[in-house]
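This briefing concerns a single protein chain and is arranged by topic. Please consult the sequence and the coordinates alongside the points that follow.

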Amino acid sequence: MRKSRYGNLDSIRAGSAGRHQFARWRQERLQKLMNKEYQECVPNVAPDLSFLQHNRREPTITWIGHSTFLIQMGGLNIVTDPVWARRMALQKRLAPPGIELSDMPSVDVVLVSHSHYDHLHFGSLRRLKGPKRLFVPSGLSRKLELRGFREVQEMTWWEDTSFHGVKFSFVPAQHWTRRNPWDMNNSHWGGWVLEIYGGPTIYFAGDSGYFRGFAEIGRRFEIDVALMPIGAYDPEWFMAAQHVSPEEALKAYLDLGAEYFVPMHYGAFKLSDDTPKQALMRLEAERSRLGIPRDKLFLLHHGETMRFTQSHVTDNEAKDGLDS
């Protein structure tokens, strides 16, 4: 029986580069590897573990690193794209996770955007404490069940489910997926919108190129915080279909109509030719050009927590994500 395969809106092809494109990228990359900025990373701050391990009332967002967050809302501990791995292929992690696995509170829900290795690490998922109900894209549950995970629910684009008062909606992205040579696009990809009555609405984009779906998501949801990728965009001739640039991330944020912007997907792993410093410099330049107030961007450090009181952000100020 032929396995199902998934695609993007408008039949956009991502992840389909040929050998000549890979060869060109490799040659260009060798010329950049000596750049000292490659070794720079997002600083870590000591997380407030006592608060996070006991908090079941206040909505919070804590950045673990890359696309991994601990989100607390509705009394739930929610983890996005669980990756605590110290290496990604041959690349050593640039900075330790913001919260170590051993220090994580009991996890109730795990949201997976897609199956790429930098967004789903089975070892990390297995070691997370707690009941761990998994919400995943369609086509991915079998891989998880074969590894012993039983509480797995697949979802398709625009499908939603509620758990303990929190509504989880799976929304489109423009990307692709593969974990081995034989499973190209055999599971889907997307982002997640988290809603709760009387609390913030949080959009986690996962991984995506810029596409018209951002505007549609903005029409369907009133988003308070957008967690948006800004890294792994260079070279843009190669990456644009699958990864937004910092400028495109801000364009998507405006399409979404979100109140606050939190950048992610940079500073933990060296996945492409851009550096954390370059991504943040471009983000700041575009923010200034567009006239977006600085206090709308929250550049979290690894381990730092964004807190809410009556749907207003507290205990954080927009700042440089890298030491100058």
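Met-73 is found in strand β2, which spans residues 68-73. In this predicted model, Met-73 is buried, because its relative accessible area of 2% falls under the 20% cut-off. The chain as a whole has 8 helices and 16 strands, and 56% of its 324 residues count as buried.

**Surroundings of Met-73**

- Apart from residues up to four places away in sequence, Met-73 touches Ile-78, Val-166, Leu-194, Glu-195, Ile-196, Pro-200 and Ile-202.
- One of these, Val-166, is 93 residues from Met-73 along the chain, and the two C-alpha atoms are separated by 7.6 Å.
- For the chain in general, 68% of the contacts between residues at least 6 apart in sequence join residues at least 24 apart.

- Val-83 belongs to the loop between β3 (76-80) and β4 (87-88).
- Val-83 counts as buried because its relative accessibility is 1%, under the limit of 20%.
- The contacts of Val-83, with neighbours within four places in sequence left aside, are Thr-68, Met-88, Arg-93, Tyr-117, Asp-118, His-119, Leu-120, His-121, Ser-124 and Phe-269.
- His-66 lies 17 residues from Val-83 along the chain, with 8.2 Å between their C-alpha atoms.

**Aromatic pairs**

- A pair of aromatic rings is described by the distance of the centres and the angle of the planes.
- The count of aromatic pairs, taken as ring centres within 6.5 Å of each other, comes to 10.
- Trp-63 and Tyr-266 form a tilted pair, with 5.4 Å from centre to centre and 35° between the planes.
- Trp-63 is in strand β1 (residues 60-65) and Tyr-266 is in the loop between β14 (260-264) and α8 (276-290), so their pair ties together parts that are 203 residues apart in sequence.
- Both Trp-63 and Tyr-266 are buried.
- Tyr-260 and Phe-298 form an edge-to-face pair, with 5.4 Å from centre to centre and 85° between the planes.
- This second pair links distant parts of the chain, 38 residues apart: Tyr-260 is in strand β14, and Phe-298 is in the loop between α8 and β15 (305-309).
- Tyr-260 is buried at a relative accessible area of 15%, and Phe-298 is buried at 4%.
- One aromatic cluster is formed by Trp-63, Phe-69, Phe-204 and Tyr-266.

**Charges over rings**

- The charged end of Arg-179 sits over the ring of Tyr-117, at 4.0 Å from the ring centre; Tyr-117 is also among the contacts of Val-83.
- Lys-296 lies over the face of Tyr-260, 5.1 Å from the ring centre; Tyr-260 also pairs with Phe-298.

**Packing of α5 and α7**

- Two packed helices are described by the angle between their axes and the distance between the axes.
- Helix α5 (residues 213-220) packs against helix α7 (residues 246-256) at an angle of about 30°, and their axes are 7 Å apart.
- Because angles under 35 degrees count as roughly parallel, α5 and α7 are roughly parallel to each other.
- The crossing in which α5 passes α7 is right-handed.
- At this contact, Phe-214, Ala-215, Ile-217 and Gly-218 of α5 meet Ala-252, Asp-255 and Leu-256 of α7.

Key
Residues are numbered from 1 along each chain as its sequence is written. This is a predicted model: local features need pLDDT of at least 70, side-chain atom pairs count only at pLDDT 80 or more; totals for chains, interfaces and linings use all residues. Side-chain values use heavy atoms; hydrogens and water are left out. Rings of Phe, Tyr and Trp (its six-membered ring) pair if their centres lie within 6.5 Å; planes under 30 degrees apart count as stacked, over 60 as edge-to-face and the rest as tilted. Helices (H or I, at least four residues) and strands (E, at least two) are DSSP runs, numbered from the N terminus. Buried means under 20% relative accessible area, exposed over 50%, partly exposed in between (1.4 Å probe, protein chains only). A charge sits over a ring if NZ of Lys or CZ of Arg is within 6 Å of the ring centre and within 35 degrees of the ring normal. Contact means heavy atoms within 4.5 Å. Axes are lines fitted to C-alpha atoms, for helices over the stretch in contact, and angles run from 0 to 180 degrees between N-to-C directions. Angles under 35 degrees count as roughly parallel, over 145 as roughly antiparallel, 65 to 115 as roughly perpendicular and the rest as oblique. A crossing is left-handed if the near helix is turned anticlockwise from the far one by less than a right angle, and right-handed if clockwise.
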